Amino acid sequence: MRTKSVGKKKINIVTLGCSKNVYDSEVLMSQLKANGKEVVHEDKGDIVVINTCGFIDNAKEESINTILDYVEAKNRGEVEKVFVTGCLSERYKPDLVKEIPDVDQYFGTRDLPVLLKHLGADYKHELVGERLTTTPKHYAYLKISEGCDRPCSFCAIPLMRGGHISTPIEKLVKEAQKLAKAGTKELILIAQDLTYYGLDIYKRRALGDLLKELVKVDGIEWIRLHYAFPSGFPEDVLDIIREEPKVCNYIDIPLQHINSDLLKSMKRGTTHEKTDALLAKFREKVPDMAIRTTLIVGYPGETEERFQELKDWVKEQKFDRLGCFTYSHEENTTAYVLEDDVPQEVKEARVEEIMELQSQISWEKNQEKIGKIYKCVFDRKEGNYFIGRTEYDSPDVDNTVLVSADNTYISIGEFAQVRITSAEEFDLYGELV
């Protein structure tokens, strides 16, 4: 009876957290649709599945608040069932069951077949690589591996996602081909660690081999790389970025800090000097590359002197894109035994200082783009502007290119040549050529 009643219901998938969760939600939605279920993403439904994030305090808080909101909706009779999956559920299931018992069932990050069974659906192996994408159809995330084998002291991802498992190249190529047939033009490669790709199944770093196959997929025009770990980065990838037009001159490489003592405590496997040498190699091999990084401030032992070293380095390196986060003291990580000795208000002030520096750097770099022509893809229309991106910008996190809709029409998802006419810190304004 349960399966029959579930089968008639609309299932609403709610996604929190990073692009890896977006990908997982898309796989879940594809499986449900193949089972004849009516499924929506972040819309109204009778049954709610919340795909949670448990990475840092702010993400955990958002996930818990979302669960509580839907439990209240259930208690008011607005939804019938609430299921919770994803990283928070994987990491804290016993606590969640105790503290929020009104959730119908909790599932971990690798419990997809069990979750489907509770939704009256069967896991269909023939659907591997199939997804109902929730992004605009012209770009899609391609998750090339799951989990992480790195020992970073501050990071709880291995606790939630398990060890590194690479997806074979042939499976990823088939997935890319299906996406291209559905209209995808830009692939954004994601993983907990792109750098490690292939070591488990091919016994070598095989990101370059994967890229060589993906560029052959008809219909794909851009491929960009996200979340490449600095230690052990495969340098053959730089040659491919430089030589292959489809691979964007862009890389997201989270460096986290630059002080060698803190990097050692963080278990990052690198030093100030090695990091600088790697960045120099990037710029030597691909002079036109946009480098995105993320930093953590307020890690235990980050004195004013060490923070000053970080600031000086940000000024010196002039990253094209940069994000900065406060350190989150996460239980069961190896850094948890350290004293969380930087006050929260100091952490937040340091984020502001770093982002002020980056704002000025970004403004200066954008001024250099005025008068130049760039190939842009257009993601959406907002108000009186079409909003696009260059190959140096990833959706949602980087700069945008705005073209006035007055006397101009651009099809969403199409590429166009744009001359930059003016620039602000994070936005470029231009006109079609």
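1. Where does T195 lie? T195 sits in the loop that runs between β9 and α8. Please keep in mind, here and below, that this is a predicted model. T195 has a relative accessibility of 0% and therefore counts as buried, the cut-off being under 20%. Beyond its neighbours within four places in sequence, T195 has contacts with R150, R205, A228, F229, S231, G232, F233 and P234.

2. In α8, which covers residues 207-214, the buried residues are L207, G208, L210, L211 and L214. Viewed down the axis of α8, these buried residues fall within an arc of 160°, so they line one face of the helix. What do they pack against? The partners of the buried residues of α8 are the strands β6, β9 (186-190), β10 (222-225) and β11 (247-252), together with the helices α7 (169-181) and α9 (236-243).

3. Strand β12 covers residues 290-297 and runs parallel to β13, with six bridges joining the two.

4. Is Q317 buried or exposed? With a relative accessible area of 9%, Q317 is under the 20% cut-off and so counts as buried. Leaving out residues up to four places away in sequence, Q317 touches D276, L279 and R283. With R283 there is a polar contact between the two side chains, at 2.4 Å. As for L279, 38 residues separate it from Q317 in sequence, while their C-alpha atoms are 8.5 Å apart.

5. The model has another parallel sheet to compare with your own reading. This open sheet has five strands in the order β2-β1-β3-β4-β5, and the pairing is parallel. Its edges are formed by β2 (38-41) and β5 (105-106), each with a single partner strand, so one side of each is left without a neighbour in the sheet. How many bridges join β1 to β3? Five bridges join these two parallel strands, and within the pair I13 has V49 of β3 as its bridge partner.

6. α2 lies across β1, β2 and β3, at about 170° to β1. α3 also packs on the sheet, where it touches β1, β3 and β4 (81-86), and its direction makes about 170° with that of β3.

7. Now to the annotated cysteines. An unreviewed UniProt entry places the feature "binding site" at C18, C53 and C87. Although these positions span 70 residues in sequence, no two of their C-alpha atoms are more than 10.6 Å apart, so they gather at one spot. C18 lies in the loop between β1 (10-15) and α2 (19-34), and C53 in the loop between β3 (47-52) and α3 (57-75). C18 is partly exposed, with a relative accessible area of 30%, whereas C53 is buried at 13%. Apart from neighbours within four places in sequence, C53 has contacts that include C87, L88, L16, G17 and N21.

8. One last point concerns a domain annotation. UniProt, again in an unreviewed entry, places the feature "domain: TRAM" at residues 367-433. This span is 52% strand and 1% helix, and its end C-alpha atoms lie 19 Å apart.

Definitions and conventions: Residues numbered from 1 in each chain as written. Predicted model: local features only at pLDDT ≥ 70, side-chain atom pairs only at ≥ 80, totals over all residues. Heavy atoms only, no water. Buried < 20%, exposed > 50% of the residue type's maximum accessible area, 1.4 Å probe, protein only. Contact = heavy atoms within 4.5 Å. Polar contact = N/O pair within 3.5 Å; in protein donor to acceptor, adjacent residues only side chain to side chain. UniProt positions renumbered as here; feature names shortened; annotations may be inferred. Helix = DSSP H or I, 4+ residues; strand = E, 2+ residues; numbered from the N terminus. Pairing = 2+ DSSP bridges. Arc of directions from axis to C-beta. Axes fitted to C-alpha atoms, helices over the stretch in contact; angles between N-to-C directions.
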